[in-house]
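Take a look at the two chains below.

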Amino acid sequence: MSASTPASRRVRRVLARIGLYLAVVVLVSPAVLVFLWMLSLSLKTEVDNMAFPPVFVPNPPTLANFVQVFEKNDFLSYTLNSIIVSFTATAAALLIGVPAGYGIAKARATRAAVLILVARITPGLSFLIPLFLLFQWLGMVGTLAPIVITHLVITVPIVVWIMIGFFEGLPSELEEAALVDGATIWQAFRHVALPLARPGITVATILAFIFSWNNFIFGVVLAGRETRTLPVAVYNVLTFEQVSWGPLAAAALLVTAPVLLLTLLMQKEIVAGLTAGGVK
Amino acid sequence: MGTTVAAPGEAARTRAARRRNYARQYWPFIVPAGVVVVAVILFPWAFTLFMSVHDFHIGSARTFAGAANYTRMLTDDRFGWAVLRTLYFTAMSVAFPLLLGIAAAVVFHRNFPGRGLARTLFIMPMMATPVAIALVWTMMFHPQLGVLNYILTSLGLPPSAWVYSAATVIPTLVMVETWQWTPLVMLIVLGGLASLPNDPYEAAVLDGANVWQVFWHVTLPLVWPFVLVAAVIRGIDALKAFDTIFVISNGGPGTASETLNILLYLQAFSFYDIGYASAVVVVFFVLILLVTLLMLHFRQRAQLS
């Protein structure tokens, strides 16, 4: 009977709490430690980075690696490339994908939705071989246009997929009322459905942007010397031209920092979008 | 008699026609996306099928080759090994994230202060730029100066060769893949847990079930459809894995971690053997499709039972 005395029950509850927090720490620490190690590498001198046993806390921390990344490479122009590519590919995907999501949801065009899924399961390289040859033939290799166009392969399905789910979840009474009042379906979309869909559009924008920003494979094939996006630049330029760890870690951190910041700030939207359809 | 039979049929027909007309109104919304899909998805497919029956290297003439590219795969050891390696990598890259992801979802389903922040930190690996992550892992895998071998030896364990030995390279890459993609499994299963009804739990607790019994006999069967969705998505993504493998081991040492995707890249963009690469793409896609359909089949069966 001692198991049910209030005191022992309290002890059990405290133990369960401790167990829960222990589980959380075990789950979260691999993620946190890798990012902390990246930060540590980027803030240490070359001597400390090559020391064994490793130096864990930079003492004193130095920003020299970051300075070197900007001085020795054309890092700013790669950043600009990445910004242009991801912003254009995301904006174009919204322009095309939001109406498409609406149309598919309204017309229940499941076959169109399946086509979007096919894009999701196809390996990126299978788009790349034909598109690479096509762009070469058109003389477009070496400009940013082919990279933007191929990034649509990533951004359009994300936007369409999220927006289908979102528009299906909206009550249709308001649009029907607008249609009865003599609005065209375009006006019903533009003035009734679209404002209601703003949260969905936010989610779609964030995810499309992140996955375009992170993309490596399209750039690695299609980018010329001048048109490298950040992930390609970090891989191509830095790994070959300077093998030292400090600047490499600093560059890696700079590339992924915008995405990590977005994740921290918009975690609720991101989680909602990712659970909505397991996109990516 | 005749009219009573014809009337419902006619009504159904007009209803179907009205529905079609209604759907047709919305086509202009879909057309622009349709054009993009055709241009960047269907055109490449048609082109790949066409190229897969031709002998074509970039810079030389294209000749019809029939099924030669396909029969070449049958005798190409490098291709065969790549298929096996891909399946080996995929099996582990589905199993580990699934196990850990379910466990993580159960933990994050509980309410505790700081849950939002902990969950955000937990999903960081899947949001971060894969190339950046891969570079950090590469530095950690360094046999002499890497922090991982330091940790192993200070725990009294033997150091590992990580990605520098044929025996350990794929398990090591699976570890990175697991680190990166367990969060996605967690999110999908967590979404499932959030949608569960409360009654079965109350019944189980009333019956005196312990925590483990509740999980095994109540929670797991209820979230099973979500687990299978996660398994399908994980399977597709693991088959397609490229960035981390390319950056960390680049298929090496030798060809020890050369998966289909890496082989494909080499054939197309290092050897410029477009015909053969296209045939590999076709087979690769069929493989992905088969794995997807197989998993969806299991999912449907699980839902029916």
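A residue is buried if 20 or more other C-beta atoms lie within 10 Å of its own, exposed if 12 or fewer, and partly exposed in between. Apply that rule to Asn250(B). Asn250(B) has 14 C-beta neighbours inside 10 Å, so it counts as partly exposed. This is a predicted model, and every value here is computed from it.

Stay with Asn250(B) for a moment. Its phi is positive, near 50 degrees, in a residue other than glycine. Asn250(B) sits in the loop between H11 and H12 of chain B. That loop also holds Pro253(B), between helix H11 (243-248) and helix H12 (260-269) of chain B. The bond between Gly252(B) and Pro253(B) is a cis peptide bond, with omega about -5 degrees.

Chain A has a cis bond too. The peptide bond from Asn59(A) to Pro60(A) is cis, and its omega is near -10 degrees. Look for Pro60(A) in the loop between helix H2 (46-49) and helix H3 (64-72) of chain A.

Is Trp162(B) buried or exposed? Trp162(B) has 24 C-beta neighbours inside 10 Å, so it counts as buried. Its phi is positive as well, near 45 degrees, and Trp162(B) is not a glycine. Trp162(B) lies in the loop between H7 and helix H8 (169-194) of chain B.

In helix H7 (residues 147-154) of chain B, the residues Val147(B), Leu148(B) and Asn149(B) are buried. What covers the buried residues of H7(B)? The cover includes helix H6 (130-140) of chain B together with helix H1 (6-42) of chain A. After H7(B) comes Gly156(B), with a positive phi near 85 degrees.

Gln25(B) counts as partly exposed because it has 14 C-beta neighbours inside 10 Å. Now locate Ala68(B). Gln25(B) and Ala68(B) are 43 residues apart in sequence, and their C-alpha atoms are 47 Å apart in space.

Now take each chain as a whole. Chain A has 14 helices and 0 strands. Its mean pLDDT is 86, and 94% of its residues reach 70 or more. Among the elements of chain A, helix H4 (residues 75-107) has the highest mean pLDDT, 93. Helix H5 (residues 110-121) of chain A has the lowest, 76.

The C-alpha trace of chain A spans about 80 × 75 × 30 Å along its principal axes. Of the 280 residues in chain A, 46% are buried. Take the contacts in chain A between residues at least 6 apart in sequence: 77% of them join residues at least 24 apart.

Chain B has 13 helices and 2 strands. Its radius of gyration is 25 Å, well over the 19 Å that the globule rule gives for 305 residues, so chain B is more spread out than a compact globule. Its C-alpha atoms fill a box of roughly 90 × 75 × 35 Å along the principal axes. Buried residues make up 42% of the 305 residues in chain B. Of the contacts in chain B between residues at least 6 apart in sequence, 72% join residues at least 24 apart.

In all, 67 residues of chain B are in contact with 71 residues of chain A. Helix H2 (residues 27-52) of chain B gives the largest share of the chain B side, 13 residues. By class, that side has 54 nonpolar, 10 polar and 3 charged residues.

Finish with the nonpolar core. In soluble globular proteins, nonpolar side chains tend to be buried together. The largest nonpolar core here has 169 residues. Ala252(A) and Val189(B) have the most contacts inside it. Helix H7 (residues 145-169) of chain A gives the most to this core, with 16 residues.

Which residues does Val189(B) touch, not counting residues up to four places away in sequence? They are Gly101(B), Ile102(B), Ala105(B), Val223(B), Phe226(B), Val227(B) and Ala230(B).

Conventions: Residues are numbered from 1 along each chain as its sequence is written. Chains are lettered from A and ligands numbered from 1 in the order in which they are written. pLDDT is the predictor's confidence in each residue, from 0 to 100. Helices (H or I, at least four residues) and strands (E, at least two) are DSSP runs, numbered from the N terminus. Two residues are in contact if their C-beta atoms, placed from the backbone, lie within 7 Å. Ala, Val, Leu, Ile, Met, Phe, Trp, Tyr, Cys and Pro count as nonpolar, Asp, Glu, Lys and Arg as charged, and the others, Gly among them, as polar. The radius of gyration is taken over C-alpha atoms; the globule rule is 2.2 Å times the number of residues to the power 0.38. A nonpolar core is a set of buried Ala, Val, Leu, Ile, Met, Phe, Trp, Tyr and Cys residues joined through C-beta atoms within 7 Å.
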